[in-house]
Structures are given as structure tokens and as C-alpha cells.
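The following briefing concerns the structure shown below. Please read it alongside the sequence and the coordinates.

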Amino acid sequence: MSTHPLLRMTGVSKSFLGVRVLHGVDLELRAGELHALVGENGAGKSTLMKVLAGVHRADSGRIELAGREVSFEHPVQAQRAGVATVFQEFNLLPERTVAQNVFLGREPRRRGLVDERAMERDTARLLDDLGLEGIEPRSKVRSLSVAEQQVVEIVKALSHDARVISMDEPTAALADHEVELLYRIIGRLRERGVGILYVSHRLREIFDLADTITVLKDGHLVDTGPASGTRPADLVRKMVGRPVSAVFPERLEPRGEHVGEVRLSVSGGGNAQLDGIDLQVRGGEIVGLAGLQGSGRTEIAHALFGIDRFTRGGVSVDGLRADPRSPRQAVRAGLALVTEDRKAQGLSLNQSILANSRLVLDAVLPSGSGRRARRIPGILSALELVARGGHHQEVRYLSGGNQQKVVLAKWLATDPGVMVLDEPTRGIDVGAKQAVYTLIRELAASGVAILLISSELPELIGMADRLVVLGDGRVAGELPGGSSEEAVMALATGAPPDGAHESADEDSAGPHRHEEAAP
Amino acid sequence: MTRVLTASRALSSRLGTTGLVYLALAGVLLVSAVFVAARGASLLTAANTVDLFTRSSLLGFLAIGMTLVILCRSLDLSVGYVAALSTVVAGLTMAGDPSRILLGVGATLGLAALIGLANGLVITRLRVNPFIATLGTGLVIKGYLDTQFQGPAGSIPAAFQTFGLSRIGVFPVSTLVMLVLAVLAVLYLRRTRTGFHMYAVGGDSEVARLSGVRPELPVITAHVLCSVMAGVAGLLLASRFGTGNTLVYNNGYELEAIAAVVLGGTYLLGGRGGVAGTVAGVFILATLDTVFNTLGIDPFVKDVLRGTIVIAAVALYARSQISRTAVRVRFPSGGAPPPAAGPPDPPPSPEPLAQGGKR
């Protein structure tokens, strides 16, 4: 028994561009232990992992590995010290073989030449140790399934003799039977005394696997404790409950002609990322899409807009079958999408405000675009767009909030019947947020059907009339507007609803709630 | 694990892209033989075979070097100019004196290596786009050649002209040298760390960096080797002409080399492919040239046909290629609900419209 824990982090803080994302977080990991890190989107879990992995440097705080202080400036340093990380994005070369990937950067040599046979032998041994005979060291990574690729990542970590392995959402992309494979590997790793830091949104896994659970919220450590004494509902309660930082404008009296009609309807929608999506949005209604990162919110927006279209099921707009196969068709059908990534997907940064506002009109609806374009200055001033250089200023010089207003103006000019807003307030200041909220309310009142996607739960709860909660690419359930954050999180993480505490303690299989959308 | 493989993917995964390229080479030879036979001639006469091999050696040198560069997700547009410069350097250094052959070869290849080093450093250190960086290098060389030399320069001793002109049986010496260098390049890519890292950097330089590879090193090495190969091509040209000739840069060698590399199945954006495929690509282009010559096809039509074939081939490879990024597919087979044990139902017909449509 060593007196030191395998890994000890004390007072780790980190800021990005003046925004503090980690506030003095402490964490201890013992050999053979699985330590789960939970929290909402943006709670700081991924940042903490990246600090440990040497991707980011902590502004302050100590990291000790087996009692010795370390400071990693590069991921390779962390790997050499025995700290490996399996990130959400794959760090593999699809065109190279399993063995070549595992030993990338450290290829064994004999007489100056790479000893591929030794490489394959060692890879095979590592795979065998994990009880995985199915993967050939010589097969190309791109021919493997997602789960197998994940295994290769883990094997790569092990080939460094990792003592600490941190995994960021390792099951996010795995099917149920593949998750079992991961469980088995984790079991073997723990037998060998490897300490595992595990980030997951799925509470079921956390209660299946974890010895210790640490809850982060807004970069603060909320609680650390043994998993056995924790109830899922309590855990969810600790994860949520941020102070409401904005007051949302009141609902307006609907007055438009389409109010109450079903303007957007999706039935049985599915593609590679989504399945069984049933969704109806009426004119005048704001429907919020809630869910954790990767649960399929943005994927729905993209499917509706014909970017990664639904391959199953159908989409109707204003009662007509639309099934957009391209954004162009989607716009023609009356859809508008304010994308998540404003700079890359929403704006042409080195063009003027006016040019950006006319973009969709000119490209997709050229007939009559002149008439509609005449309204653009009016729309821009109604949005209270502040630009020192007038409407001919390049949008790259605008603040985030003003840029977002240009994106909104671009879509308002097309008179959409259905508006999908993906994170419309991300990265904009409070004043601009209020303007966006007010605009959403006004649009709804005028009869537009609004689908609002946001990672900020208070925003969704405060704005939406109805919340559709997603989990793993399916609809996990529906809640009325104004529901508690806990209720939403419970659905999104697959935790049991309040009142079902007892089952979680005695039954390790745990609840796995999916409301099947019956066709 | 469910793996959906379309027929073409299945074929390409069994053969590999390189196998596919050799299959294409065999096809091209067969079709050409038929065409030539229809004209009452024979494709594989000794004269035609020599012609084919002779054509392949020059392009081969350039394309082998280009393969390394393209594998690293870079490009070298200066090889034609480097080859032209090399003919002059060889001609002037050797100056018709057989005892200076070694010196001439050394000076030529050394200068070429320095140019490659400069290319590599500009691309990795100054982060200039390879297209622009090497185009710039090429223009600098062109400007120098145009101002300093009019017409042929220097002379190549007869002893060194055997490199370009003599042959063993139907095999020109230059082609044999090219094939030996191709084998060395294949070994280099498959048996050295730098070779491995060329694939890694070309595939995803961030992944390479996070795995402890210094991404600059393979790129610089590839550029040096590519330039040296262009120098070898220059030596070959000089030995054929018997003198240095600046005007060879007008022949568009760089683009032809890129075409051969791509035709050989190397992915233009790096990380995938190899020299074996490139050699086949070179032979395909050389075969076409030989056939067009035998059939007496108008040179303009020749270019049209060559262009079409390169595009068609690359389109074919693209079809058989799976997306390079690992997309996580959640519902690959149509998303049966998880508790359901039976086979997945067909997707529910979503709208009454499906039955209610009037026909």
C-alpha cells in the first residue's frame, strides 16, 4: 500500500480569454479506482481532462503523480509519464494499420529499420491481454467499427504503460453490446491497478462502474463521494441549479394567421445519428430541444435543413411533404436555420452587413429578391444593429451579438414559416441576448413555428412552451415549458424520475429509460 | 460488428488501391494492344517496348519524388524547373570531361537537395502554402535560367551519355535505374520511421503531433528527396541531349508527375498511397503515349484523351473510398428500437399521404 494516491490534483484553475472555466478543483485517483466526473454541458469536465493530458496548462494548482509533482506542457510528456487520455475525437489514422497506429511515433527498430513484426507482435499481445482476439493488428483502422477503434485508442494508451487513463465520453458512440466490451476492458484495466478517470453523461454507466463520483458545476467542484452512497436523483440535483442570469421576456399575444396550425411536422425521422424522431411545432409555438452534448440536437437541425437529411421518415412544412435534400430546398419550403457556428457557417466574414443579409434571398429566392431586400434595412434597424461603418461594414469587425443579428436578419428577410435556432445566444453579450429573446417572442407571436436548441437549460426552460428532451439520438421524453432543470437533466441523462430512488441502490443494471416513440 | 460494404468497396478492399491500379495497367495494355492490332500493327514490338520504357524512366524519377511529397499532404510545382537547372549544372560542371562525371553528378544532386531543403523549410517554418512556395521557387529558377542562358549550355561527356542512351536488351539503363530507385523508395516508406511518419503527417498532422512525431521532419525530408529525384531526371535529360538545355521546363513535367501519382492511387490530400502504385501510373501514361504515337493521333487529341483518363481514374478511386474521418454511426442499419429482439421492422410509413395519394 502506498500512502500517495496515484493522482492528486489540487486547486486546479484555468481561464480562457478571461473567462474562468475551472475554479480550484481538487481530485484524487487511486490505483484500480474508477473515478467518474459528471456535470452539465460546460461544467468544466473536458477542460479538467485536457489539463491533465497536457493539452492545456493550468493557470494555478498542483498535479501530483504518485506523490511527485508534474507539469505537462505537451500531450507526449503526459503519455511518457503514464497519463493517457482517450478523447472524444479519435486520434487515429484511418489509413494505417492497428499496429502502426498503436506505435506511431515510437516504432520499434532493428538495425535501423522499423521492425513491423515486433510491432504487430506487441500489439497482438496487448489486445490478447484485454481479451480481444477479434482485432487483427494488421487491419486498417478505417475498416474497424467505432467500438473497435475505441479499443485501439485504449491499446495505444496501454502501450505507453499508462497508470492513469482518462476517458472522455467513451460510450457516446457505442451500441449497447459494444458498451459491454468496454465494461470488460475497464474491468481488466482496474485489475491491473490502472486508475481511470471517466467522464460520461450517462448516469447508468456511472453507477455501473464508478467507485467515486465528483460533480462539477460551472467549473466548481460541488461534491466528491463514494458512488455506493449516492442516489441518482441526488446526483442530478447537484449537477443543476445554476442561478438564472437573465430574465426572459413575457409571452406575447399571438396575432399571426398561422397561429395554432401545425407548421413543422416530423414523423419517424431517422438517419445515421437519429432514430424515431417525432416532432410537431405549431405556429406561435416555441419548442425547445434539450439534451446533452451529442444527444442529437444539432443533428435534428441539420436533418431538417437537408444537410444530413433524414433517411427514414418524413418532414412536412405547412402540411406539405417537404423532405429537404439540400439547404436550398429547405429554404424554399420555408425553413430557416440559424447555425450553431456563426462564424464558420452563418456568415461570410469579409463581406458587408448588407451583402450577408441578402445572401439567402439572392441565392435561393432570386425572383422578387429585390422587393424583399428593400425590407432589409428596416429589419436591421428593428434588430437595433449597431455598426459604426453603416451597413457596408464588413461583418468581421462586428461584435458577436451584432453578428448574430446579421444572421437573424438574413433569415427574417426570407419570411420563414419555421425557424430553427441552434444556440442563438452562444457567445453574445447580455444585451444582445435580450434582443434575441425578444425577437424570438415576436416571431412566435406572428405565427412562426420556432425550434430552439440551447445548451443553457435556464434559457430553454424560460423561453420554450414545450421541451423535447433527446438522449442518444432518440426522443427521451417531453416536458411542459417551465419544468425544473432536474426533470430535464433526469430525462437527458437517463436517471430515474424522482421517487424511484430505491431501485438504483439495489439493482446495478439500473434504469434505462427510453420512451419509444410509437409510430 | 455490422460492416456495410458495397461491391466496389469489397473489390478495392480485397485488392487494395494498388492492386486496382495494376489491374488498370493490365486493362490499358490489353485495350491498347487490341486497338493497335485493329490497325494491322503490333503493340509489343521491340521498338515500341523500348519507346514505352524510355518514356517511363523520366516521368518515373519525377513521380517517385512527387509521391513522397504528396503523401505528406504537400506538393512540389518546382520539379520541372529543378530538372532544367540540373541539366545546365550537369553540362557546365562536367564540361565534356569524363573525369568530372562524378563531380557533375554530385554538384547537380547537391544543388537539387538544397532547393528541396529550401522548399521544405519555407513550407514548414514560414507556413507558406506548398502550392505557392514551390511555384515561387520554380519561378525564381526560371527567371535565373532565362536571364543567364540562351540555348544549350555546357556539354556532357560521351561516357555519361550511356545513362540516357544505352540499354540492356529492351530495357534502357535509365528505366532500370528508375525501377531500382522505386524499390528503394518503397522500402523507405515501409521500413523507416520517417517513411511511416510521412503517412502520419499526411493523414492527420495533429494526430501525428499528439503522438510525439515532429511533423516538420518528414515534410522537409520528402521535399529534399523529391528535388533530388528531379535532379536525377535532369541528369537523364542532359545525358540524352548531350548538353544542358534550359527549355525543358516548358514540358509541364510537374503536372504530368502529379497526374501519374494520382493515377497511381495516391490520395492528393495525403496519407494514403505509395510508390508501387505510382510506378503503375507512370507505365499507364507511358503506354498511352506509345499507343498514340503508333496510331499517329493528333497531339491535341492526345492531351484530351490523357486528361479524360486521369479524371476518370481518380473519380473511380474516389468511389471506392470510404470517408476518411471516423464518423460515429449510431443507427447504422435503420435503427431498430433497442429492446426489440426481432429483425428490424421497415421504417414506419410516416404520413397518410403514402396511401392516400391519388393516382
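A:Arg466 has its place in strand β21 of chain A; strands (E, at least two residues) and helices (H or I, at least four) are DSSP runs numbered from the N terminus. The model is predicted: local features need pLDDT of at least 70 and side-chain atom pairs count only at pLDDT 80 or more, while totals for chains, interfaces and linings use all residues. Residues are numbered from 1 along each chain as its sequence is written, and chains are lettered from A and ligands numbered from 1 in the order in which they are written.

**Surroundings of A:Arg466**

- With 16 other C-beta atoms within 10 Å, A:Arg466 is partly exposed; a residue is buried at 20 or more such atoms, exposed at 12 or fewer, and partly exposed in between, with C-beta atoms placed from the backbone.
- Leaving aside residues up to four places away in sequence, A:Arg466 touches A:Glu285, A:Val287, A:Glu478, A:Pro480 and A:Gly481; contact requires C-beta atoms, placed from the backbone, to lie within 7 Å.
- A:Ala36 is 430 residues from A:Arg466 in sequence, and their C-alpha atoms are 32 Å apart in space.

**Helix α18 of chain A**

- Helix α18 covers residues 485-493 of chain A and is mostly covered, since seven of its nine residues are buried.
- Among the buried residues of α18(A) are A:Glu485, A:Val488, A:Met489 and A:Leu491.
- The cover over the buried residues of α18(A) includes α7, α8, β15 (286-290), α17 (457-463), β21 (466-471) and β22 (474-480) of chain A.

**Domains of chain A**

- Chain A is divided into domain 1 (7-239) and domain 2 (262-346 + 416-497), with bounds that come from an automatic or database domain assignment.
- The centres of domain 1 and domain 2 of chain A, taken over C-alpha atoms, are separated by 32 Å.
- Contacts between the domains of chain A involve 12 residues of domain 1 and 11 residues of domain 2.
- On the side of domain 1 of chain A that touches domain 2 of chain A, α7 (203-209) and α8 (232-239) each supply at least two residues, and α8(A) gives the most, with five.
- That side of domain 1 of chain A holds six nonpolar, three polar and three charged residues; Ala, Val, Leu, Ile, Met, Phe, Trp, Tyr, Cys and Pro count as nonpolar, Asp, Glu, Lys and Arg as charged, and the others, Gly among them, as polar.

**Chain A as a whole**

- Chain A contains 19 helices and 22 strands.
- Its radius of gyration is 25 Å, close to the 24 Å that the globule rule gives for 519 residues, so chain A is as compact as a globular protein of that length; the radius is taken over C-alpha atoms, and the rule is 2.2 Å times the number of residues to the power 0.38.
- Of the 519 residues in chain A, 50% are buried.
- The average pLDDT of chain A is 84, and 93% of the residues score at least 70; pLDDT is the predictor's confidence in each residue, from 0 to 100.
- Over residues 499-519 of chain A, pLDDT stays under 50.

**Chain B**

- Chain B has 14 helices and two strands.
- Buried residues form 47% of the 359 residues in chain B.
- An unreviewed UniProt entry places the feature "transmembrane region" at several spans of chain B, including 52-71 and 101-121; UniProt positions follow the numbering used here, feature names are shortened, and annotations may be inferred rather than shown by experiment.
- Residues 52-71 of chain B are 100% helix and 0% strand, with end C-alpha atoms 27 Å apart.
- Residues 101-121 of chain B are 100% helix and 0% strand, with end C-alpha atoms 30 Å apart.

Methods. Contact = placed C-beta atoms within 7 Å.
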